[in-house]
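This report describes one protein chain. Look at the sequence and the model first, then read on.

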Amino acid sequence: MSSAAVRRQERRISPVFLAVLAVMAVTGWAVWTDFAALSGVAVFLFVTSAWIVSLCLHEYAHARTALHGGDITVGAKGYLTLNPFAYTHAVLSVVLPVLFVIMGGIGLPGGAVFIEQGRIKGRWKHSLVSAAGPLANVLFAVVCTAPFWLGMLDGVPAAFRYALAFLAFLQVTAALLNLLPVPGLDGYGIVEPWLSYRVKRQIEPYAPYGFFVVIALLFVPVVNGAFFDAVDALMRSLGVDDLTRYCGSELFRFWEGTPEYCPL
């Protein structure tokens, strides 16, 4: 097989990703048209599949930026196929974030693709590789909220509007958490190339625990309140009011029933 054929094979979109994308499209149509017998179930499937799509795009953004930065091994590892099962930590990248959405309604940062840092030359390139993932979440949030901040909500069904608001909320929380300069998160990956060797050596032993420390801190009322106040402020700046976002999260958890103040 020629090298060009190998590259095409390495970058061919995975059937797994296409299947998830198809579920997102079908359930999104079901929410829009109110075709589903239970709108909450349709919203649940739509948001969950769209969330998995965004996780794949997050990891793809890391890999694609690394490829242009000099790490030509990402293709052979399957990172450019958008296959969620090709990631180094599939459980952290997909399973755990999905479970957190179901249980707590928060966009948890996923795992990571394995980038061969030695192949990437230059501090800016290293920082861009780390920043690419959260920027994919930011872009996803902008797309989801476009009908809100562009004033294009006329004719948009309530259930679909709620679903978009909650999906955008997940993207915003994931982006904010991932951009924290904490070891194990992309925010630290952005600043790490600019730290001295001595500082990096001092931080290195604690790197595996940074992610779990952040999750633990979110259970502290003061930290939790400050974080979600910042998220809500960002959502309002994107044209999404608190009630619409809240109704989206309630409709997503269809097993709890939909509040009366969330009309469909």
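## A residue in helix α5

Trp124 is found in helix α5, which covers residues 123-149. Helices here are DSSP runs of H or I with at least four residues, strands are runs of E with at least two, and both are numbered from the N terminus. Trp124 counts as exposed because its relative accessible area is 63%; buried means under 20%, exposed over 50%, and partly exposed in between, with a 1.4 Å probe and protein chains only. Between Trp124 and Phe46 there are 78 residues in sequence and 37 Å in space, taken from C-alpha to C-alpha.

## Where the numbers come from

The model is predicted: local features need pLDDT of at least 70, side-chain atom pairs count only at pLDDT 80 or more, and totals for chains, interfaces and linings use all residues. Residues are numbered from 1 along each chain as its sequence is written, and side-chain values use heavy atoms, with hydrogens and water left out.

## The chain as a whole

The protein chain has 11 helices and 0 strands. Its radius of gyration, taken over C-alpha atoms, is 19 Å, close to the 18 Å that the globule rule gives for 264 residues, so the chain is as compact as a globular protein of that length. The globule rule is 2.2 Å times the number of residues to the power 0.38.

Along the principal axes, the C-alpha atoms fill a box of roughly 55 × 50 × 30 Å. Of the 264 residues, 47% are buried.

## Helix α3 against helix α6

Phe46 belongs to the α3 side of a contact between α3 and α6. The axes of α3 (residues 39-69) and α6 come within 10 Å and cross at roughly 35°. Axes are lines fitted to C-alpha atoms, for helices over the stretch in contact, and angles run from 0 to 180 degrees between N-to-C directions.

On the α3 side the contact (heavy atoms within 4.5 Å) also includes Trp51 and His58, and on the α6 side Phe160 and Asn178 are among the residues. The residues of this contact divide into 12 nonpolar, 4 polar and no charged. Ala, Val, Leu, Ile, Met, Phe, Trp, Tyr, Cys and Pro count as nonpolar, Asp, Glu, Lys and Arg as charged, and the others, Gly among them, as polar.

## Helix α6 against helix α10

Helix α6 (residues 158-178) also comes within 10 Å of α10 (residues 221-237), axis to axis, and the two cross at roughly 125°. They are therefore oblique to each other; under 35 degrees counts as roughly parallel, over 145 as roughly antiparallel, 65 to 115 as roughly perpendicular, and the rest as oblique.

Residues of α6 including Phe169 and Leu176 meet residues of α10 including Phe227 and Met235. This contact has 11 nonpolar residues, 1 polar and no charged.
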